[in-house]
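Please keep the sequence and the model open beside this note while you read. The points are meant to be followed one at a time, with each named residue looked up in turn.

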Amino acid sequence: MFKRFGMVVVLALAGVPWLAAQQEDSDVYWKIRREAIENSQILPTLHMLTDRYGPRLTASPNVKAAGEWAAEQMTAWGLVNAHLEPWEFGHPGWANEQLTAHVVSPVEDALTAEVIAWTPGTEGPVRSEVVQIDVPPTTPTEEELQAYFDGIVDKIRGKIVFVGKHETPPVAFNPPTKRRDEPEVEAAYDPDDPVPFYRRRPRTPPEEGRLDRREVDKRVNLFLAENGALIRINDAGRSHGQIRAFSNRTYEADQAPAAIVLRNEDYGRISRLLEHGAVELEIDIVNHFYPEGKTDYNVIAEIPGTDKADEVIIIGGHLDSWHPATGATDNAIGCAVMMEVARILTTIEAKPRRTIRVALWSGEEQGLLGSEAYVEEHFGSFEEPKPEFYKFAGYFNIDSGTGRARGATVFGPPEAADILRKALAPFEDLGVLGATTTKSRRHGGSDHTSFNTAGLPGIGVGQDPIEYSSHTWHTNLDTYERVVAGDAVKSSIAIAAAVYHLAMRDDPLPRFEADEMPEPEKEEGEEEKLKPPKKQPTPSL
Ligand SMILES: [Zn+2]
């Protein structure tokens with residue numbers, strides 16, 4: 001099957017005008033294309049990271065095993081210095097091993113659910129009546145939250161608790177965009193007036209004296225655990241069986257009840273049955289905490305440089321995933337593409353002048369923690385630089401699903417984008433249409449912003465959305481099957497060429513001069529990497 005796909009790409013790419021590439025790089029660019037198309041290892045890598053080692057939740061045994069496998073694989077391809085580099089997560093690891101959920105009365109049927117991470121299991125099957133409580137108030141005062149607790153305390157002991165009313169997501173009459181058209185990509189990478197794909201949704205902090213959503217969630221978990229609720233159940237609130245299940249943010253087993261997210265269709269069915277009488281469920285959850293997860297790991301490997309070996313270009317993405325699926329589009333495919341870039345450059349014996357380092361991060365989903373720790377340890381920041389800060393020549397990050405690369409955004413002055421634009425120009429036939437800059441040192445989105453925050457040139461790769469924000473991102477549907485291999489191969493070609501170009505230039509990628517360096521604006525924002533899908537109009541009856 002993989003061979004057949006290779007043939008298709010060869011045919012699809014035949015006759016494209018890449019001979020117009022810049023003369024000095026064109027021979028290497030041609031070798032990159034040939035190696036990427038004829039011998040791609042992206043799908044075998046993806047298989048191991050997803051099917052064999054997924055899900056790869058931060059600090060779990062799986063993410064460590066995936067990292068060990070990746071280091072061994074890169075060594076086998078000829079990279080050197082492959083190792084796992086520890087950083088302190090400070091919380092235990094966690095994994096769900098088994099989950100079964102059934103309605104047993106007044107009807108018998110299986111239910112579809114996912115477990116919330118870092119919650120305890122049930123210590124055997126639990127069978128109980130369901131009670132449905134109101135959704136907690138948003139941004140309440142302490143008094144308002146207490147009034148909410150007073151209203152539910154007598155209902156929850158010994159019960160399976162549905163938190164919130166069922167809501168039906170509206171039918172989507174406008175299908176989400178799968179590819180960006182050329183004008184949109186050209187506008188995004190317009191050298192003079194770029195129009196970004198996404199606008200950041202600023203997080204408005206609650207008014208003085210009010211609690212934010214995360215704090216309310218923590219308090220509700222603790223309240224349910226302390227007052228004898230057996231299991232907390234949330235409505236997935238998404239259509240077609242999509243489930244997102246995140247985490248108990250305290251990471252402590254005794255701070256939350258056993259908790260699952262039920263697919264919207266099952267949550268709705270049980271809610272409607274409850275209007276007419278008692279409903280009983282039987283649920284069995286086996287979870288495991290791993291104290292050794294306190295220390296987690298980034299995976300590092302290198303292609304050594306030649307005359308500029310002490311200068312480093314890093315390429316990477318995050319290896320950790322959420323746990324409801326095997327984390328294929330977020331972000332095994334990004335890791336597979338960056339490993340492939342390194343494999344291609346090693347195999348064609350590109351001999352880069354600067355060292356090219358692969359870094360596969362963990363802790364991204366908890367707030368870019370692995371990359372942040374690495375940058376702090378190795379480079380420091382513009383305000384507090386370490387010696388390596390001055391030897392750093394750029395970090396390429398990929399983390400927006402399976403879609404092909406369409407361009408790059410670099411933290412730095414306009415000349416940095418000019419260089420990237422030139423490096424990417426020979427790949428217009430693959431859909432890569434330019435480069436632009438950002439001045440933002442905001443921390444959040446993905447791991448390149450750990451570099452930007454430090455004042456270093458992070459480079460974010462822009463991609464086609466395919467089914468990312470609409471289907472696979474952070475959902476139970478994020479599996480191997482959702483990867484479009486041809487897109488990933490195209491990304492590996494364009495990125496390999498751009499990295500090679502940066503590794504060969506006489507001068508490193510230009511950075512902001514000291515007097516132009518923007519102020520740091522550190523702020524959490526890992527949930528804001530994409531704007532939500534456009535609101536669909538509510539259908540009229
Ligand atoms: Zn991601």
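This is a predicted model: local features need pLDDT of at least 70, side-chain atom pairs count only at pLDDT 80 or more; totals for chains, interfaces and linings use all residues.

1. Residues are numbered from 1 along each chain as its sequence is written.

2. Overall size comes next. A compact globule of 541 residues would have a radius of gyration near 24 Å, and the chain agrees with this because its own value is 24 Å; the radius is taken over C-alpha atoms, and the globule rule is 2.2 Å times the number of residues to the power 0.38. Along the principal axes, the C-alpha atoms fill a box of roughly 75 × 50 × 45 Å.

3. The secondary structure of the chain comes to 14 helices and 16 strands, where helices (H or I, at least four residues) and strands (E, at least two) are DSSP runs numbered from the N terminus.

4. The chain is divided into domain 1, made of 37-91 + 293-522, and domain 2, made of 98-172 + 203-287, with bounds that come from an automatic or database domain assignment. The centres of the two domains, taken over C-alpha atoms, are separated by 36 Å. Nine residues of domain 1 are in contact with seven residues of domain 2, contact being counted if the C-beta atoms of two residues, placed from the backbone, lie within 7 Å. On the side of domain 1 that touches domain 2, there are three nonpolar, six polar and no charged residues; here Ala, Val, Leu, Ile, Met, Phe, Trp, Tyr, Cys and Pro count as nonpolar, Asp, Glu, Lys and Arg as charged, and the others, Gly among them, as polar.

5. Helix 3 (residues 42-52) packs on helix 9 (residues 328-347) at an angle of about 135°, with the axes 9 Å apart; axes are lines fitted to C-alpha atoms, for helices over the stretch in contact, and angles run from 0 to 180 degrees between N-to-C directions. The two helices are therefore oblique to each other, since angles under 35 degrees count as roughly parallel, over 145 as roughly antiparallel, 65 to 115 as roughly perpendicular and the rest as oblique. Among the residues that make the contact are Ile42 and Leu46 of helix 3 and Ala332 and Glu340 of helix 9. By class, this contact has ten nonpolar, two polar and one charged residues.

6. Helix 9 also meets helix 4 (residues 61-77), and here the axes come within 10 Å and cross at roughly 20°, which makes helix 4 roughly parallel to helix 9. Ala70, Met74 and Trp77 in helix 4 meet Cys335, Met339, Ala342, Arg343 and Thr346 in helix 9, and these residues divide into six nonpolar, one polar and one charged.

7. Which helix packs against helix 11 (residues 414-424) at an angle of about 130°? The partner is helix 14 (residues 485-504), with the axes 9 Å apart, and the pair is therefore oblique. Leu420, Ala423 and Leu424 in helix 11 meet Ala494, Ala497, Ala498, His501 and Leu502 in helix 14. This contact has seven nonpolar, one polar and no charged residues.

8. Some backbone features deserve a careful look. A cis peptide bond joins Gly54 and Pro55, with omega about -10°, and Pro55 lies in the loop between helix 3 and helix 4. Another cis peptide bond joins Ser105 and Pro106, with omega about 10°, and Pro106 lies in the loop between strand 2 (93-105) and strand 3 (109-110). Thr139, a residue other than glycine, has a positive phi near 40°, and its place is in the loop between strand 5 (126-133) and helix 5 (142-156).
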